Amino acid sequence: MSSLEDSVHQLLVELGEDPEREGIRDTPRRVARSLQFLTRGAAEDPVALLRTALFESDLDQMVVLKNVEFYSLCEHHLLPFYGRCHIAYLPDGRIAGLSKLGRVVDSFSRRLQVQERLTSQIAEAIQEAVKPKGVGVVMEAHHLCMMMRGVEKQTSLAVTSSMLGRFRQDARTRGEFLQLIKERNA
């Protein structure tokens with residue numbers, strides 16, 4: 001048994017469970033593997049990942065990627081939060097492969113996180129790797145730590161944003177992005 005499995009085994013004992021009970025016997029192994037999977041992003045470098053798919057381009061229009069699903073674990077309670085991420089940037093001589101933007105979201109999400117930091121990390125990584133004229137990231141998430149415990153607000157939705165460059169400086173650019181992600185047709 002790994003030390004992580006041992007810790008889960010001890011947790012079950014502390015919760016008053018019998019770790020040898022049929023339904024729980026393999027739980028320490030399953031939970032250890034699950035936690036390793038859910039936090040694997042801590043070992044990844046999202047900026048380096050983005051840099052593997054940069055392409056020269058004279059495009060001068062906003063690039064928007066909407067409704068990128070994400071799943072993360074709240075660093076305060078180790079409970080999931082999940083939702084959608086919307087990304088936009090204004091190219092400045094190069095564009096990024098769209099799938100890499102989704103991978104950046106996954107890389108930062110698969111860590112113990114808070115939504116506020118997650119939003120900023122995604123925007124800052126895109127800014128650093130792609131060097132666009134501006135970046136906007138908006139995240140909408142449901143937090144099980146609020147839904148299952150504490151205030152028990154099942155329909156609450158946390159929304160965070162990070163605006164860099166022209167998205168921060170120019171209200172029209174920011175407004176165009178916010179209008180595009182508001183349109184829920186796809």
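Q113 touches S72, L73, C74, E75, F81, F108, L118 and Q121, leaving aside residues up to four places away in sequence; contact here means heavy atoms within 4.5 Å. The model is predicted, so local features need pLDDT of at least 70 and side-chain atom pairs count only at pLDDT 80 or more, while totals for chains, interfaces and linings use all residues. Residues are numbered from 1 along each chain as its sequence is written, and side-chain values use heavy atoms, with hydrogens and water left out.

Q113 belongs to strand β5, residues 112–113. Strands (E, at least two residues) and helices (H or I, at least four) are DSSP runs, numbered from the N terminus. Q113 counts as buried because its relative accessibility is 1%. Buried means under 20% relative accessible area, exposed means over 50%, and partly exposed lies in between, with a 1.4 Å probe and protein chains only. The side chain of Q113 also makes a polar contact of 3.1 Å with the side chain of R117. A polar contact is a pair of N or O atoms within 3.5 Å; within protein, one must be able to donate a hydrogen and the other to accept it, and residues adjacent in sequence count only if both atoms are side-chain atoms.

Next come two residues with a backbone feature to look at. N67 is not a glycine, yet has a positive phi of about 60°. N67 lies in strand β2, residues 63–74, and is partly exposed because its relative accessibility is 24%.

E152, also not a glycine, has a positive phi of about 50°. E152 sits in the loop between α6 (144–147) and β7 (158–165). With 47% relative accessibility, E152 counts as partly exposed.
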